[in-house]
Structure formats: C-alpha cells, structure tokens
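Subject: Structure handover

Hi,

Here is the structure I promised to pass on.

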Amino acid sequence: MPLLQVRDLVVRFDTGEGSVHAVNGVSYDLEAGETLGVVGESGSGKSVHVLSMLGLIPMPPGRIAGGSVLFEGRDLLKLSDRELRRLRGREIGMIFQDPMTSLNPVLSVKTQITEALVTHRLMSRNAANKRAVELLDLVGIPDPHKRVMQYPHQFSGGMRQRVMIAIGIACEPKLLIADEPTTALDVTVQGQVLDLMRDLKKKLGMAMIWITHDMGVVAGIADTVQVMYGGRIMERGPVRAVFKDTRNAYTWGLLRSLPDHEMPLPKDGERAAIPDEPAERQRLVQIPGSPPDMFNPPKGDPFAPRNIYATERCRQEVPPLLPAPDGAAGHLVAAWYDLRTQREHTA
Ligand SMILES: Nc1ncnc2c1ncn2[C@@H]1O[C@H](COP(=O)(O)OP(=O)(O)OP(=O)(O)O)[C@@H](O)[C@H]1O
Ligand SMILES: [Mg+2]
C-alpha cells in the first residue's frame, strides 16, 4: 500500500468576489521513501493541496469540496483537529519557506525542538535535550551544545533553515513536507541544504514532498516530479522521463524558460526537442500569457489559452491524467496533444 493516496482532491475558497477553484481534482500515490518534487507557476495550487491535507487552510473561506487523502490507509480529511495536530509533527513533518515566521522568536532553539519530542514522542526532558543537540549536529550546525541554547535571531538565514529542518525531522516522520524551504537562501546555502536533505533522506528513509519553483532543485533531489497548473496535475513521472521525454506543453514551457546553462539535464541525456520550432522560440525565457483566472477557470485544459499547440478539443474538454503513450513506467500526462508524437490523442 502506498504511504499516501490522494484521490480527486478539490479545494475551494469562497470569497466575497466568488469561489477560487484552487485545487481541481488532484490524484496521486506517494510510496514510502519516495521524494516527490511539485513544481508550477505561482497560484497553481501547490501549497493549498498539501496544506488542505493537513488541516492547515483557513476554513472558511477554505473548503474541501471533495476527495480523500489516505495516509497509511487513514483518511486525513476525516480526522478531528486534535488527531491532525497529533499527526503533524509526529508522523508528518513540515518545513516552510520562512523560518523567521515559523520559528518562535522568544523561545530558544532547544525549547522549540524539545517541545515536539516531549509532546509527540513522550520523551523525558533529559532525553529530549540530548536529542536536540544530536539533531542540530545532524543538520550540520557547528557547536551544537552552545547553539542549542540560542534564539532564532542569533542564527543566519541558512542556519535558521537548518533549525527548521531539525524540528521537521525531530520525531522521525514517515513523510516530510517542505514548501519552498530553500527559496529565500542564497545559491551556495541552498546547495548545502539540498545536500543535507539528500543525506537525511538516506539516513531516515522518509518520504518527502518538496514544493519549489526551481526545476534545478527538482532535478537535484526528487525521484518523481509533478507539474501543476490551474489546480491540476499536468504531467507526472520519474524526473528523467518528464525532463527528457516531455509530453505536456506546459512542462515544456517551464523547462524551456530556464537558461540553457542552467538546464538540469541528466548528464547522459538531451531534452526532447520539438522539431520545426523556430530558434527564437527556443530562446524565450518566459511562458507567454498569464495564469488562468481561478474564479472562472477555463472550460477545457487550463493551459489551452497559452498553448500554441492547443486544439479545439483542448479548449472544450479537460484532458484526464493518463499514462504517456510509450512512456516510462509511472509517466503520466494530461494533454490532448502529445508533444512527442506531435499528435492529438484519439482515445
Ligand atoms: N486564504 C485564501 N483565500 C483565498 N484564496 C486563496 C487562499 N489561499 C490560497 N488561495 C488561492 O488558491 C490558489 C492556489 O494557491 P497556492 O498558494 O496553492 O499556490 P502555489 O502554487 O503554492 O503558489 P506559489 O508558488 O505562489 O506559492 C491561488 O489562486 C490562491 O490565490
Ligand atoms: Mg505556495
């Protein structure tokens, strides 16, 4: 049984101006130990889809309009607030983008780490204090005995992010969810944090959901990549397959928007090229057009209005997420027009 089974998740925000269609039928499985990278432009539903599973969207205006999220067979959407609180931190760890707002400025790092261990793991104070030092050491904070007594403002941005990671993994969760945890960091520190996460993943064997704008980060850390747009999954599969054998025009746009020297290509591979595409188009650094109006999402494929390959069917009907024709195992795509075969599906 997969660790996490998300089925037809639909999330809305009912606001004064109308209902925001934030997540529109998201389904996927995550295996134990698997690292999933979730990418997509701003507003594509990356954060809301994970926050809603954990009971962390404000309700109202938020509302889970449908679906189920089975974690080891238990539907998270049916748990009480109390059960969810217990689950978060104990079985599912979280790291968010901004450690300054997520860490409590008036509590020492020791207090913040041990709190999780004492409440969730029922550890004694002494054992928890000892473990806090071990955790700081594990996440690569030098001089952990001294540092553990300090307060968040005494740490640099990169070190604060490491403290967040220490808290996120303190209870050895089966699943760690990280939402843009390295975005605020400079490139060198970002690289160090990614190395650390790869290392921890090996040591602890936990599954991860890693939300990011950065395809390079995905290439560096994920087993599977999931591309989201308009609250839907556009393409999903092993990183190599999605990067090398791209089927969805939106995925292609995201990859193409990276300057070539930053292309996170597997060393022995080439990106699938679209034949006959004018050279100047290949050099475009932004996907033209703007994201869909989430109050009134388009009737068909949400990317159709920006997609030069869109057919009439794309504008009329939402394409289902199906195995990519002749694709790698687990490579799924939602598109009526297949970039590799350059053909409209007939199914
Ligand atoms: N509290 C809220 N009230 C109303 N709408 C919301 C709320 N939170 C999120 N949304 C809307 O839900 C949609 C999905 O937002 P989400 O935060 O999941 O995007 P994202 O993919 O994480 O974007 P980013 O990359 O900017 O973090 C957006 O249209 C957003 O405006
Ligand atoms: Mg987000």
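First, the ground rules. This is a predicted model, so local features need pLDDT of at least 70 and side-chain atom pairs count only at pLDDT 80 or more, while totals for chains, interfaces and linings use all residues. Residues are numbered from 1 along each chain as its sequence is written, chains are lettered from A and ligands numbered from 1 in the order in which they are written, and side-chain values use heavy atoms, with hydrogens and water left out.

**Ligand 1**

Which residues come nearest to ligand 1? Out of 15 around it, they are S42, G43, K46, S47 and V48 (a residue is near if one of its heavy atoms lies within 4 Å). On its own, ligand 1 has 640 Å² of accessible area, and the protein covers 68% of that (Shrake-Rupley method, 1.4 Å probe; for residues, only the protein chains shown count as cover). Two elements, β2 (18-30) and α1 (46-53), each give two or more residues to the shell, and the largest share, three residues, comes from α1. Elements here are DSSP runs numbered from the N terminus: helices are H or I with at least four residues, strands are E with at least two. By class, the shell has six nonpolar, six polar and three charged residues (Ala, Val, Leu, Ile, Met, Phe, Trp, Tyr, Cys and Pro count as nonpolar, Asp, Glu, Lys and Arg as charged, and the others, Gly among them, as polar).

**Pocket and cavity**

Both come from a 1 Å grid over the protein atoms alone: a cavity is a set of points where a 1.4 Å probe fits but cannot get out, a pocket is an open set with protein on both sides within 12 Å along at least five of seven lines, and lining residues have an atom within 4 Å of a point. Points are joined across faces, edges and corners, and a volume is the space filled by probe spheres set on them.

The largest pocket has a volume of about 540 Å³. Its lining has 18 residues, and G89, M94, E115, A116 and I167 are the closest to its centre. The elements giving two or more residues are α2 (81-90), β6 (92-95), α4 (109-121) and α7 (157-169), with α4 supplying the largest share, five residues. The lining splits into seven nonpolar, eight polar and three charged.

There is one cavity of 30 Å³ or more, and the largest cavity holds about 50 Å³. M234, N248, A249, D301, F303, N307, A335, Y337 and L339 line it, which by class is six nonpolar, two polar and one charged.

**Around α11**

Is α11 (249-256) buried or exposed? Eight of its eight residues are buried, so it is largely enclosed by the rest of the structure (buried is under 20% relative accessible area, exposed over 50%, partly exposed in between; 1.4 Å probe, protein chains only). N248 caps the N-terminal end of α11, with a side-chain oxygen 2.7 Å from the backbone nitrogen of Y250.

The loop between α10 (239-244) and α11 holds D245, which counts as buried at 12% relative accessibility. Its side chain makes a polar contact with the side chain of R340 at 3.3 Å (N or O atoms within 3.5 Å; within protein, one must be able to donate a hydrogen and the other to accept it, and residues adjacent in sequence count only if both atoms are side-chain atoms). R247 is in that loop too, and at 0% relative accessibility R247 counts as buried.

Most residues other than glycine have a negative phi, and most peptide bonds are trans. The peptide bond from M59 to P60 is cis, with omega near -10°, and another cis bond joins P60 and P61, with omega about 5°. D8, in strand β1, has a positive phi of about 50°. D326 has a positive phi of about 55°, and at 69% relative accessibility D326 counts as exposed.

Cheers
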